[in-house]
Amino acid sequence: MTQQTPIAAVPAHTTVGEVLAGQVIAVTGADQGYGRTISAALARAGASVVLIGNNSETLAAAASQLEHAGGTAIPIKADVGVPLDWLSAQTRILDIYGSLHGIVHLADKRAHAEFTMLSENEWMDLFNCNVKSSVAIAQIIRRRLPGTWLTIIGPHTDERGLHVHPQRGAVQGLVQNAHRENLRLNLLLPSRASSSDDTLDRPLSNAVMALAAPGMASLRGNVIEVPLPPLPKLRVQEDYPL
């Protein structure tokens, strides 16, 4: 059953490094949307953050911003929809840090077309980005790093269309049954797409932070809806004749 009880947020007065000091955490899709916001929150809490995505330039820029703000971050280009790419990235992380404590995986790619107009190529792209990648990361963790936790950001609850249900259902089934392989997986379902505003998207970052806290190691198999403030409506300026 999906939980709707909010996770306790990390107190605003918590100092940098107090919560996640010493943890190495990888974030996929880290150069845009929720990935960027979550990476910044993890870095502020003292984690060494590995930014993973498809664009070398935007990843480098995001890592530079986190470093400038006092955090620790490195960029690694990888397509997590390709298992060998993820395996290569994971190996590089271990070469650099010697450990990987957790992964935040963005599996929330949205469709651009309605269900009846969704092409086979777009459906396969959604499946690869949201479902295949989640299964592959969990599989590789189980083989090589069974102590590493995985928090998945799944398809948003406001997304409409029949195509979203098999995606969300597959990821939810993976998370709720991962304990059978002794894996620590949790799923967060934000109520909307990213606003690119840290303040508006903070509840999701807080949920990720709470699950990443060392004292929460017993939490696994949870599917949690994360309500977010609505996006501000744009005011359209009307032109009146002089």
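**Notes on the predicted model**

1. Ile25 touches Leu20, Leu42, Ala47, Ser48, Val49, Val50, Leu100, Gly102, Val104, Trp149 and Ala212, leaving out residues up to four places away in sequence, where contact means heavy atoms within 4.5 Å. The residue belongs to strand E1 (residues 24-28), strands being DSSP runs of E with at least two residues and helices runs of H or I with at least four, numbered from the N terminus. With a relative accessible area of 0%, Ile25 is buried; buried means under 20% relative accessible area, exposed over 50%, and partly exposed in between, with a 1.4 Å probe and protein chains only. Ile25 and Val49 are 24 residues apart along the chain, and their C-alpha atoms are separated by 5.1 Å.

2. This is a predicted model, in which local features need pLDDT of at least 70 and side-chain atom pairs count only at pLDDT 80 or more, while totals for chains, interfaces and linings use all residues. Residues are numbered from 1 along each chain as its sequence is written, and side-chain values use heavy atoms, with hydrogens and water left out.

3. Ser134, in helix H4 (residues 120-144), counts as buried because its relative accessibility is 1%. A polar atom of the Ser134 side chain lies 2.8 Å from the backbone oxygen of Asn130. Neighbours within four places in sequence aside, Ser134 is in contact with His105, Ala107, Leu150, Ile152, Val171 and Leu174.

4. The axes of helix H3 (residues 83-97) and H4 come within 10 Å and cross at roughly 45°, the axes being lines fitted to C-alpha atoms over the stretch in contact, with angles from 0 to 180 degrees between N-to-C directions. H3 and H4 are therefore oblique to each other, a term for angles that are not under 35 degrees (roughly parallel), over 145 (roughly antiparallel) or 65 to 115 (roughly perpendicular). On the H3 side the contact is made by Pro83, Trp86, Leu87 and Gln90, and on the H4 side by Lys132, Ala136, Ile137, Ile140, Ile141 and Arg144.

5. Asn182 is a residue other than glycine with a positive phi, near 60°, and is placed in the loop between helix H5 (164-177) and strand E6 (185-190). At 54% relative accessibility, Asn182 counts as exposed.

6. Ser196, likewise not a glycine, has a positive phi of about 65° and lies in the loop between E6 and helix H6 (198-212). Its relative accessible area is 62%, so Ser196 is exposed.

Definitions and conventions. A polar contact is a pair of N or O atoms within 3.5 Å; within protein, one must be able to donate a hydrogen and the other to accept it, and residues adjacent in sequence count only if both atoms are side-chain atoms.
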